[in-house]
Amino acid sequence: MTAVASYSAAGPPMQILMAEDNPADVRLMQLMLREAEVPSELHSVPDGEEALAYLRHQGKYGDAKRPNLVLLDLNMPKRDGRSVLREVKADPDLRRIPIIVMTSSGAEEDIRQAYDAHANSYVRKSGDLGALKEIVATIERFWFRTAELPRA
Amino acid sequence: MRWINFRDAWLLAGWFLAIATAALVAWTFLQTPLSDPLGNTTQFLRLLRAVFVVLLVLVFTALLVIGIRRAQRGEEESRLLLDLGKSSLILADGSGRIQYVTRGAADLLRYPKESLVGKPVASLAAPDSAGAIAGLFAAPGNGGSLTTTELTGLRSDGTRVHLEATAERSTVHGAPVLGVLLRDLSERDELVQALTERGAQLTRSNRDLEQFAYVASHDLQEPLRMVSSYTQLVAQRYKDRPVDREGEEFLGYAQEGAGRMKEMIDNLLAYSRLETRGRPFAPVPMEEVFDRAVSNLQEAIRTAGAQVSRGPLPTIVGDATQLVQLLQNLIANAIKFRGPQPPKVEVTAEAAGSDWRFTVKDNGIGIAEENRERIFVIFQRLHSREEYPGSGIGLSTCKKVVERHGGRIWVESDGVPGAGTRFLFTLPAEGRAVRTRSTDSDPTPAKASSEVARTLIESRLSELI
């Protein structure tokens with residue numbers, strides 16, 4: 001688990017959990033959050049099993065903070081994002097946490113399946129830095145400033 | 001016609017008999033007294049009567065011989081023709097015994113032709129086909145429809161052969177007969193099996209292709225995204241340092257390469273999805289397709305000062321989205337590869353048998369003879385990126401769309417630079433989907449190719465039959 005504190009503005013920083021097996025992607029997200037000046041803490045887990053353990057405070061994630069937002073990759077080892085999504089959305093306590101599926105797949109089935117499993121939105125990763133920065137800024141603007149999220 | 005043939009012993013005997021009878025009759029008549037109306041018996045009248053009777057007998061015999069010869073000849077001719085035609089025919093009597101077989105039937109069952117006459121028909125079929133044979137004999141009689149059944153024939157050497165028997169019951173001179181036409185199905189069976197195997201192969205290779213498309217979309221894109229993101233990041237960071245001029249140049253090439261590769265992967269994915277994400281076919285007015293293609297190209301048409309026109313276009317059965325893509329790619333191509341004068345593109349259609357033949361004609365740079373096949377191959381480009389940008393996928397997409405609709409596409413050009421190009425493609429007037437699969441309802445890739453296989457088998461079989 002890596003946690004990076006970014007700018008803390010007025011309130012406590014937003015807790016973001018990123019389930020992603022590619023460390024380069026996590027690092028990129030970290031950089032983009034910093035560039036977009038999102039007051040947040042980014043935590044990352046490398047596979048689906050650890051994502052569930054984190055959300056349920058199991059094992060080494062005993063004192064993990066409940067995330068305000070989850071960025072979920074679809075293709076991960078051990079347990080993939082689809083399965084994590086189904087599991088979380090079937091859990092009466094965890095399902096309130098907004099989950100944004102972030103993947104490189106633009107396949108129609110993946111998109112439909114994700115929404116069928118109650119993903120809160122589906123975003124395609126971009127190889128273009130400018131586009132990625134825009135995505136992060138949009139996520140921040142909507143989820144952290146426009147939308148009201150439950151306290152817990 | 002030779003009606004006296006002394007080589008036939010029976011004919012000779014017949015003639016002998018006839019002459020003998022005539023002689024006997026003549027002699028008898030000569031002995032019998034005969035009176036003229038006045039009651040005088042004359043030698044002359046008796047002679048005249050005898051000669052008349054003899055002539056009568058001879059003429060009668062001659063007519064009989066001619067008749068028999070004619071019938072015999074006709075029968076021999078038809079047997080010869082039946083044997084020549086290799087038809088496998090069997091004629092059986094009411095008790096099921098063979099009366100006549102053609103050489104074709106004898107060869108099919110590997111019997112000497114003569115040995116089959118008198119044999120029960122049932123002895124030529126495997127025991128498990130007894131029911132089928134009985135069915136033939138129970139078929140409706142005179143004027144009734146033909147009965148067709150499949151059965152296993154038993155050859156003289158004990159081997160089995162898959163047969164189709166078509167039979168009709170009839171009567172000849174009041175006696176019941178059964179005519180049976182046999183057809184060897186083993187060749188068809190082999191073909192069906194070969195095509196089924198080919199179909200299974202197609203299914204496998206289609207699945208492999210789909211798998212490849214998936215790999216291209218997910219697994220290749222991931223590392224590529226890393227390359228392009230981080231080269232951009234490095235470029236951004238070190239942009240303002242003068243010592244790194246060369247480094248900046250290198251990074252530029254790396255970024256450009258990554259960008260091009262991304263475009264190719266995206267295109268490849270779109271290309272492979274033409275097949276798997278195609279919509280079900282429906283009637284599509286090609287004039288609307290033309291309008292949509294032109295409106296999508298509005299910007300390019302305006303920039304190039306192009307003039308795009310059309311003749312009357314028919315309605316065909318197909319996938320509207322893909323047909324727009326087809327026309328759009330061809331028109332865009334015509335505008336892109338333009339000559340010095342403003343581009344002129346004309347789309348026309350004419351009926352060609354059961355197809356519509358479309359022509360997209362331009363006044364552009366033309367295509368040399370040797371490149372006319374190559375241009376349809378994916379990622380093949382004839383020009384450098386600087387001359388004409390593009391990924392080399394447009395025409396292969398066109399080809400795939402046309403083929404998916406059961407047509408074909410080719411190019412004609414007079415070969416003289418500047419003479420223009422004509423792209424021609426056919427689309428079936430009735431809509432003949434080579435492969436159809438709906439977008440969402442069917443996620444299994446295997447089904448499409450088994451449909452292809454079935455279509456293939458059906459069309460090949462209809463040719464064969």
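Helices (H or I, at least four residues) and strands (E, at least two) are taken here as DSSP runs, numbered from the N terminus. The structure is a predicted model, in which local features need pLDDT of at least 70 and side-chain atom pairs count only at pLDDT 80 or more, while totals for chains, interfaces and linings use all residues; side-chain values use heavy atoms, with hydrogens and water left out. Residues are numbered from 1 along each chain as its sequence is written, and chains are lettered from A and ligands numbered from 1 in the order in which they are written.

Chain A comes first. It contains five helices and six strands, and along the sequence these follow the pattern β-β-α-β-α-β-α-β-α-β-α. Of the 152 residues in chain A, 52% are buried, where buried means under 20% relative accessible area, exposed means over 50%, and partly exposed lies in between (1.4 Å probe, protein chains only). The accessible surface of chain A is about 7,100 Å², and carbon and sulfur atoms hold 50% of it; such areas come from the Shrake-Rupley method with a 1.4 Å probe, and for residues only the protein chains shown count as cover. A contact is a pair of heavy atoms within 4.5 Å. Among contacts in chain A between residues at least 6 apart in sequence, 67% join residues at least 24 apart.

The predictor's confidence in each residue is given as pLDDT, from 0 to 100. Chain A averages 84, and 92% of its residues score at least 70. Confidence in chain A is highest in strand 4 (residues 69-72), at a mean of 92, and lowest in strand 1 (residues 2-5), at 49. Over residues 5-9 of chain A the pLDDT stays under 50, and for this stretch the model has 12 contacts beyond four places in sequence.

Chain B has 13 helices and 12 strands. Buried residues account for 35% of its 465 residues. Chain B exposes about 26,600 Å², with 58% supplied by carbon and sulfur atoms. Of the contacts in chain B with a separation of 6 or more, 59% are between residues 24 or more positions apart.

Within chain B, five strands form an open sheet in the order 2-1-5-4-3, with antiparallel pairing. Strand 2 (98-101) and strand 3 (147-154) of chain B each have a single partner strand, so one side of each is left without a neighbour in the sheet. Two strands are said to pair if DSSP finds at least two bridges between them. On average, neighbouring strands of this sheet are turned by 30 degrees against each other, direction ignored. Helix 5 (residues 130-137) of chain B packs on the sheet and touches strand 1 (88-93), strand 3, strand 4 and strand 5 of chain B; its direction makes about 140 degrees with that of strand 3. Axes are lines fitted to C-alpha atoms, for helices over the stretch in contact, and angles run from 0 to 180 degrees between N-to-C directions.

Strand 4 and strand 5 of chain B run antiparallel and are joined by 10 bridges. One residue of interest here is Glu164(B), whose bridge partner in strand 5 of chain B is Arg183(B). Their side chains also form a salt bridge, with the closest N and O atoms 3.2 Å apart. Glu164(B) lies in strand 4 (residues 160-172) and Arg183(B) in strand 5 (residues 175-184) of chain B, so the pair ties together parts that are 19 residues apart in sequence. Glu164(B) is buried, at 18% relative accessible area, whereas Arg183(B) is partly exposed at 33%.

A salt bridge is defined as a side-chain nitrogen of Lys or Arg within 4 Å of a carboxyl oxygen of Asp or Glu. Side chains of opposite charge can pair when their charged atoms come close. Over all chains the structure holds 32 salt bridges. Glu299(B) forms one with Arg302(B), at 2.8 Å between the closest N and O atoms. Both residues, Glu299(B) and Arg302(B), lie in helix 10 (residues 298-304) of chain B, three residues apart, about one turn of the helix, and both are exposed. Arg357(B) and Glu350(B) also meet in a salt bridge, at 2.8 Å from N to O; Arg357(B) is partly exposed at 26% relative accessibility, and Glu350(B) is partly exposed at 40%. A network of salt bridges links Glu20(A), Asp25(A), Asp73(A), Lys125(A), Glu222(B) and Arg225(B).

Helix 12 (residues 394-404) of chain B is mostly covered, with eight of its 11 residues buried. Among them are Leu395(B), Cys398(B), Lys400(B) and Arg404(B). Just after helix 12 of chain B, Gly406(B) takes a positive phi of about 85 degrees.
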